[in-house]
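Please consult the sequence and the structure while reading.

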Amino acid sequence: MKIKRVHEYELDDVARRSIQELLSESFGEDYPKERIYFKQLPHFRYLVLNDDHILVAQVGLDYRVMNLNGLPVNVLGVIDLCVKKEYRSNGLGSLLLSEIEKFSGK
């Protein structure tokens with residue numbers, strides 16, 4: 001398995017189709033068909049590719065500064081973490097969360 005960090009603007013049509021298929025499979029019919037995010041477009045994603053370079057898991061990340069009682073607060077949002085059915089219960093979700101933790105410096 002290979003984890004790849006990809007900014008949203010770097011995704012090509014093949015990657016977008018693969019992400020859309022994974023999101024639809026994971027979240028069902030209610031997931032929007034016309035885009036690769038539910039409500040919030042991520043800044044970047046971690047993609048997990050198998051040895052055949054097929055997308056098997058992904059998570060989007062959104063970061064922003066918000067106002068909390070007049071103080072700026074850095075916020076990192078996790079968006080649409082999902083794993084293909086046949087790859088579930090193998091630690092891929094935990095692996096993605098670990099990558100997020102490394103990125104956030106925790």
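## Helix α1

In this predicted model, the buried residues of α1 are Ala15, Ile19, Gln20, Leu22 and Leu23. Viewed down the axis of α1, these buried residues fall within an arc of 165°, so they line one face of the helix. An α-helix has 3.6 residues a turn, so residues three or four places apart point the same way. On the other side of α1, Asp13, Val14 and Glu21 are exposed. The cover over the buried residues of α1 includes β2, β3 (55-68) and β4 (71-83).

The length of α1 may also be checked. With 15 residues at 1.5 Å a residue, α1 should span 21 Å, and this agrees with its end C-alpha atoms, which are 21 Å apart.

## The largest pocket

Rolling a probe the size of a water molecule over the atoms shows where empty space is left. The largest pocket holds about 350 Å³ of space. The elements that contribute two or more residues to its lining are β1 (2-7), α1 (13-27) and β2 (44-49). The largest share, seven residues, is provided by α1.

In total, 18 residues line the largest pocket, and Val14, Ala15, Ser18, Leu49 and Leu55 lie nearest its centre.

## Lys84

Leaving aside residues up to four places away in sequence, Lys84 touches Leu22, Glu25, Leu55 and Val56. The C-alpha atoms of Lys84 and Glu21 are separated by 9.7 Å, although the two residues are 63 residues apart along the chain.

## Positive phi angles

Most residues other than glycine have a negative phi, and most peptide bonds are trans. Asp80 is not a glycine, yet has a positive phi of about 55°. Asp80 is placed in strand β4 and, at 16% relative accessibility, counts as buried.

Ser89, also a residue other than glycine, has a positive phi near 65°. Ser89 lies in the loop between β4 and α2. With a relative accessibility of 80%, Ser89 counts as exposed.

Conventions: Residues are numbered from 1 along each chain as its sequence is written. This is a predicted model: local features need pLDDT of at least 70, side-chain atom pairs count only at pLDDT 80 or more; totals for chains, interfaces and linings use all residues. Side-chain values use heavy atoms; hydrogens and water are left out. On a 1 Å grid over the protein atoms alone, a cavity is a set of points where a 1.4 Å probe fits but cannot get out, and a pocket is an open set with protein on both sides within 12 Å along at least five of seven lines; lining residues have an atom within 4 Å of a point. Grid points are joined across faces, edges and corners, and a volume is the space filled by probe spheres set on the points. Helices (H or I, at least four residues) and strands (E, at least two) are DSSP runs, numbered from the N terminus. The expected span of a helix is 1.5 Å times one less than its number of residues. Buried means under 20% relative accessible area, exposed over 50%, partly exposed in between (1.4 Å probe, protein chains only). The arc is that of the directions from the helix axis to the C-beta atoms. Contact means heavy atoms within 4.5 Å.
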